[in-house]
Amino acid sequence: MRPYTYAAATTPSQAIGLATNASAYLAGGTTLVDLMKLDVMGPSSVIDINALQLTGTTVDSAGLHIGALSRMSDIAADPNVTGAFPVLAQALEASASPQIRNMASIGGNLLQRTRCDYFRDPNTPCNKRQAGSGCPAQNGANRTHAILGTSTSCAATHASDLAVALIALDASLTVQGSSGTRQVALADFYQLPGSTPSIENTLKIGELITEVTVPPLAWATNSTYVKVRDRSSYEFALSSAAIAVQLSGSTISAARVAVGGVGTIPWRLPAVESALAGSTASIANFTKAAANAATGAKTLSQNGFKVTLVQRVIVRALSELLGVTS
Ligand code: SF4
């Protein structure tokens, strides 16, 4: 453990005023404390933001607003979420363990770091942890790694289930910094690794996520999150699908589809959405649409199975959501 200073803030402005390029905000601590113990992260100052009044949900004409310091378990059980956006509640329930969901914040979940084993081992090279040091996953242990949005510098998957559901729902973030508050679409927030995998999002130094907004979508009541993993709890996705469907009789009039466990960022699939729109709900049509899911995929030595898996997870999510068996 490296020495660091600790300060507790009571307002967002105070927290932002304390921040430097070597500090870290402490919310639930379920990522930060782990990575400090592993010597993967070593901030010189830790700013505790747990006293900030950024919890709970509200609903207005702009949609559902979720305070960034809300705990995952609270939002998973929130009546504003469970009825209108079941895909969000299910994604949260499928995340981590009950103990972690009781501690971890919504904002922290969106900022969690990858589970790539090399990233979490400071004794190995890793471009994401130490720029320019290399990516041993390219020719090493890469079974859990991404097939979409990868580069030769990094193929680590994004770990958040919640972010996949939020991307499908066109969510945006409210971000506060020293120069004011801005709104950013979640689809524009995460950055592909390219040649700079250590840069994961568009947050500037000291900026704080204060709120998540999910715009109204009446047919999001008909939505689901399906996650496939090596064990049924406390495990990250090998592949997952967040799906919302608008039905007109037995015809799909519109769909939202995003997948996790296969992309370096949460991955929206407009080609699958277009293929579903206007089609009759059937396994054959789900399979045909899902065939677009892995277009452009680049596989490594151990993760080629994800090309088929991601398509099957989409078909399963659609068939379970719509009660279609043939
Ligand atoms: Fe590091 Fe990314 Fe390579 Fe993993 S895949 S070793 S996180 S650079």
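Is the crossing of H5 and H8 right-handed or left-handed? The crossing of H5 and H8 is right-handed, a term used when the near helix is turned clockwise from the far one by less than a right angle. This is a predicted model, in which local features need pLDDT of at least 70 and side-chain atom pairs count only at pLDDT 80 or more, while totals for chains, interfaces and linings use all residues. Residues are numbered from 1 along each chain as its sequence is written, and side-chain values use heavy atoms, with hydrogens and water left out.

**The helix pair**

- Helix H5 (residues 86-93) and helix H8 (residues 161-168) pack with their axes 8 Å apart and at an angle of about 165 degrees, so the two are roughly antiparallel (angles over 145 degrees).
- Helices here are DSSP runs of at least four residues, and strands are runs of at least two.
- The contact (heavy atoms within 4.5 Å) is made by Val87, Leu88, Ala91 and Leu92 of H5 together with Asp161, Leu162, Ala165 and Leu166 of H8.

**Pro43**

- Pro43 lies in the loop between helix H2 (32-37) and strand E3 (45-48), and because its relative accessibility is 9%, Pro43 counts as buried (under 20% relative accessible area, with a 1.4 Å probe and protein chains only).
- Leaving aside residues up to four places away in sequence, Pro43 touches Pro3, Tyr4, Ala22, Ser23, Ala24, Leu32 and Met36.

**Ser282**

- Ser282 is found in the loop between helix H10 (270-276) and helix H11 (283-290), and with 15% relative accessibility Ser282 also counts as buried.
- Not counting residues up to four places away in sequence, Ser282 touches Val324 and Ser326.

Key: Axes fitted to C-alpha atoms, helices over the stretch in contact; angles between N-to-C directions. Parallel < 35°, antiparallel > 145°, perpendicular 65-115°, else oblique. Buried < 20%, exposed > 50% of the residue type's maximum accessible area, 1.4 Å probe, protein only.
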